[in-house]
Amino acid sequence: LNTVSCDTLGNTCGWEFDGYNDKVMSLDLITNVIDPNRAASWNYLSLYKDENMNNYYDIYTHCSAKAQGKPYQCPAMAQYEDLALTEYPQHINNTYKLSQSLPGNELSDFQEMSCQLSLWIFERWGKDNEYVKRATADWFNSRWPESDDMYKKFNSTNLKMLGYAQWGNGIPTTLLFDVPSVTNIKRDGMWRFSKKGIQLVLPEFYSRALKWAYPKMNITTFTAERVLNVLSEDSVDAFELRKNMVFKGTTFFGNGTIENGVGEKGETAFVLENAEASFLLEEDHKYYDVSVWMDQTFISNPDFCPEVENFYHRCQQQIDKFKQFWPARCSEWMTLNLDPAFGIQCNDVRIWSNSHPYPKKNGNLLESIITEVMWEETIRKGMLACENPSYVQEPMSDAFKLKCSYDKGGMFIKAKVRDILFEGYTDPFLIKVMNSDFKMRRTGYQIVCNDQVEISYTWNCEAITDPQCGESGFSVIHETDGVLANLTRNTREWYLHEIDLGSVHGIIDNPVFATYLGQLWKDSDFNTNTSDPENDEWATSQTRRNGMGGSVSAKPNFNRTENEKWQKERTCSKRYMGGPAGVFPNCTIEMETGRGELQNLGRIRNYYGNSSIELTPFTAFDVNGNFISEGAYNNFLPFVWEAFRKYDLQYKNRLEGLDYKGNKTLNVFLGDELIQFTVPNVELWDGKNPTNIKYPLRYRFFDNTTTESEVFLLRYLVDKAGWEEIGMLAHGNEFDFFGMPYEMPIGMSSTRAQSGFATTIGTPHHYGNLEWGGIDWVQFRGLRPDETKHGFRFDVEPLTGQVMRIAKRLQVNIRVERGPLMDRIISSQERCSVPTKTFNPGGYGCFMYFPLLWYDDQRVFETKATKDFQDTYLTAPGYISLNTSISVAVSVFIVGCSILAWVHQYKKWKVFKARIFLD
């Protein structure tokens, strides 16, 4: 121990040199740093100069990053290099004359001393020294207000309570600098302790209360400790408290007073703030006491406005009159009196948008802080949801500015079509939610990307990693058992909807998403030693490329039988949009063959074990329609001979068939989308533009138009009535996030029964919604609805009932609601003032049906198939006419010959009789 005095009373500090080189850190140097008797203007090392304290921390940041091998490009390495290697070594040289402890007198001799000095200040003396802890506790105890429950209770073991106090009541910064928030302190040096987006936006509860002009809404230090610990706790009980707070604070409960069409008793809807909410939990809940605190109400008062503004004057006085180094951003506390444009909206009449007196509860204030920080810092700045379609790095004063692109996930993503449809995509936001859930349930699991790519650095050189898992996939890691699963692309586990962690840990959901996950995959794990391409069961890669269209990941010796079995199991699971398992009881599909009644040919009677489809818990429809796909497998009723438009010869005194116009309507069943249409025949019988398939195709006006094959068809088009028929089944039987029913928009039908969340199936580009009088399409820019491009139609050949051409066009949508997390989904919030039922009469609040994807499944009979069909079936009338003509001609010839033979014989007979008579 040394005897250097640390204050004017001569109290000693007890410097400890453990782990330091005495040749670098000497008592003489330390004395110049901390002895108040040497805090003169010539001493550029003294801690009593605020600029020095600031610079020491910057040097400490640089030297720590350098010692850890951080890259030079990070801010702490680049921006603080001059302080650490030039400026302060010179100050040391000028202030502390080099004695026998170090050889030489060059600048380089003092650079190590500069780093060691900063490390000593912030890692030894300021962090572990008992004197410093006791001195800090004594300083605050002598000044702490009696009204707080920490009055004279600070000691060297509980200094962390200063942090709780700062959050709850702002006492520490008020005592230090006469400012109520860390936002009012320069974010430099040791005061750069958090992200700029948190530290400079009034992160404390008390500072937010002042910003809302509720200066009496402060809390004691012990209460702040209790509340903050619960808010940060990963447990089911704490989650229930936070969920209750956010739900109650942003939910309007109808009380009989109608506002914007909503307000009947029993109605609930989203609202930006419910100042009359009850935040109370059940009395036996673990955190009932915290909910009681949340439910405390404070009332606004015009007298509070000057009280808040007084903080501006006090803060500014520290800068202007007392020339304090640290206070900053005093304008945060200007009210309308000083800043009519941007000041705190508080005057004698109103507080923000409400008139005095206006209530606010602790829970309201806390909810606003949490949702803002979660959205801005955790989600948006954490690159879990992005707002800019670019991705650049721009050096700033203390960090790298990050603009993340849509391919980083969130509400919008940019990814390969093949990944979204078949191969799989891992959304960082989903992984974040799953990891949070694992923490809350204390499972010990974490999902971690296998490739942690560093894309930038924080101000103190902490790596910012890309949250997107790349081609190498991810691992599931247990806190004690290590890696439980490692999933990479093109492996069987990647394409399963669940991850098997073994008998001890069980099964968790797989974060990999694709609309048709694994549909194109061929499993290379199914292999054998044989590679005989002639064997039906086994095929080489070359065989597959030639005959099966290639493979994503398969290798030679591919077992086709085993893979087909795996694909059947995958298809059988019917996991629509990654939805829940077990929606359908089995894999059985029953189809009518028409053997008993021809009119039932191709009709589906049972779909995956269901004779009816339960679209909602309250509505269902019987399976009663035909699959729709081109080819001979799925037929509608064939009209055979009566389907010919023209006979070459009269048939039953007719020259045309009775049924060539086909059925007026057809029933179509689309099991994958849970829809069943009654589709009308829209063929125009004006003879000018008949629906047909004609080859060769004519691409240009002057192309050869000689027709080699032509088949006339009947056009069927899914119309408004068809969509209304299926959409009405979910009408008023779907419920939003607040439990209120909503109507199904025109041109859409619910698929929630399969996906497990608010998805719908509809027309591409909301074509039907626009065409048939809906209003949901107006929420989007860039849509170009066109019946020709987006209509759902198919063409049936009436003779055989085959579908020869189909354009199956459907769009998958998700219902997005304005809520506490996404409260800015509408381009102008004034267009949708909540709570409301007038924004869209189809439901409560602000919502839209956002297109996830749309597909255009077009199939048509090719040239050869059309020619074969024509030659096989459509030539029948011609053959019959020809055969009939030949038969008639032969018959006439035979009759003529018979007549001629009879005449000839008759003449001979007459001659013969005449001769006999004469004789």
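A disulfide is taken here as a pair of cysteine sulfur atoms within 2.5 Å. The structure is a predicted model, in which local features need pLDDT of at least 70 and side-chain atom pairs count only at pLDDT 80 or more, while totals for chains, interfaces and linings use all residues. Residues are numbered from 1 along each chain as its sequence is written, and side-chain values use heavy atoms, with hydrogens and water left out.

By the sulfur distance rule, the count comes to six disulfides. One of them joins cysteine 832 to cysteine 846, with the sulfur atoms 1.6 Å apart. The torsion about this S-S bond is -100°, and the link of cysteine 832 and cysteine 846 is left-handed. Cysteine 832 and cysteine 846 both lie in the loop between β35 (802–817) and β36 (847–860), 14 residues apart; helices (H or I, at least four residues) and strands (E, at least two) are DSSP runs, numbered from the N terminus. Cysteine 832 has a relative accessibility of 1% and therefore counts as buried, where buried means under 20% relative accessible area, exposed over 50% and partly exposed in between (1.4 Å probe, protein chains only). Cysteine 846 is likewise buried, at 2%.

In the pair of cysteine 305 and cysteine 346, the sulfur atoms are 1.8 Å apart. The torsion about the S-S bond of cysteine 305 and cysteine 346 is about -70°, so this disulfide is left-handed. Cysteine 305 is buried at 6% relative accessibility, and cysteine 346 is buried at 3%. For cysteine 315 and cysteine 330, the S to S distance is 2.0 Å. A torsion of about -65° makes the disulfide of cysteine 315 and cysteine 330 left-handed.

The structure holds 43 aromatic pairs, defined for rings of Phe, Tyr and Trp (its six-membered ring) with centres within 6.5 Å; planes under 30 degrees apart count as stacked, over 60 as edge-to-face and the rest as tilted. Among these pairs, phenylalanine 869 and tyrosine 873 are tilted, at 4.9 Å centre to centre and 45° between the planes. Both residues belong to helix α24 (residues 863–874) and are four residues apart, about one turn of the helix. Phenylalanine 869 is buried at 4% relative accessibility, whereas tyrosine 873 is partly exposed at 36%. Elsewhere, ring pairs link Phe584, Tyr607, Tyr608, Phe627 and Phe669 into a cluster.

Arginine 815 is placed over two aromatic rings. A charge sits over a ring if NZ of Lys or CZ of Arg is within 6 Å of the ring centre and within 35 degrees of the ring normal. Arginine 815 lies 3.8 Å from the ring centre of tyrosine 742, over its face. The charged end of arginine 815 also sits over the ring of phenylalanine 847, at 4.0 Å from the centre.
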